[in-house]
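Dear colleague,

Please find the structure below, handed over for your reference. My findings follow directly after it.

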Amino acid sequence: VLTVVSFAVILRVGLRPSNPGAGVAVVYAPWTTADQTMIRAVSAGARFVRFGGFHFIAVVMPERTDYVERVLTGSALLAVDPQILAGCLPASFLNKAHVL
């Protein structure tokens, strides 16, 4: 349990976007619906850009300087740089996501 918790904390802190103004990928629990994902991501103070490959990931443009803190205080599991998130997905998945 300690290992899982420490890994989650490292992910949450270590993957924070260095330049949130360039975009943020917000990750919620996998059982979060697309509607809930969009509402939660936008209500923290951002403009919705697109989903990040799954319905529980939203890519947004923050409109507040404290957006990352606000969204992580809410129900978001992670707030990461969208390019880091894209690097974690297989290329075949990204090609399919761009077609949609």
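Arg64 and Asp66 join their side chains in a salt bridge, with 3.0 Å from N to O; the term stands for a side-chain nitrogen of Lys or Arg within 4 Å of a carboxyl oxygen of Asp or Glu. Arg64 is partly exposed at 39% relative accessibility, and Asp66 is partly exposed at 28% (buried means under 20% relative accessible area, exposed over 50%, and partly exposed in between, with a 1.4 Å probe and protein chains only).

Please note that this is a predicted model, in which local features need pLDDT of at least 70 and side-chain atom pairs count only at pLDDT 80 or more, while totals for chains, interfaces and linings use all residues. Residues are numbered from 1 along each chain as its sequence is written, and side-chain values use heavy atoms, with hydrogens and water left out.

The structure holds two salt bridges. In the other pair, Arg47 meets Glu63 at 3.2 Å, N to O. This pair links distant parts of the chain, 16 residues apart: Arg47 lies in strand β2 and Glu63 in the loop between β3 and α3 (helices, H or I with at least four residues, and strands, E with at least two, are DSSP runs numbered from the N terminus). Arg47 is partly exposed at 48% relative accessibility, whereas Glu63 is exposed at 53%.

Turning to the sheet, four strands form an open arrangement in the order β2-β3-β1-β4, with antiparallel pairing (two strands pair if DSSP finds at least two bridges between them). Three bridges connect β1 with β4, and Ala25 has Val80 as its bridge partner in β4.

Finally, Thr32 sits in the loop between β1 and α2. Thr32 is buried, at 3% relative accessible area. Setting aside neighbours within four places in sequence, Thr32 is in contact with Thr37, Arg40, His55 and Phe56 (contact means heavy atoms within 4.5 Å).
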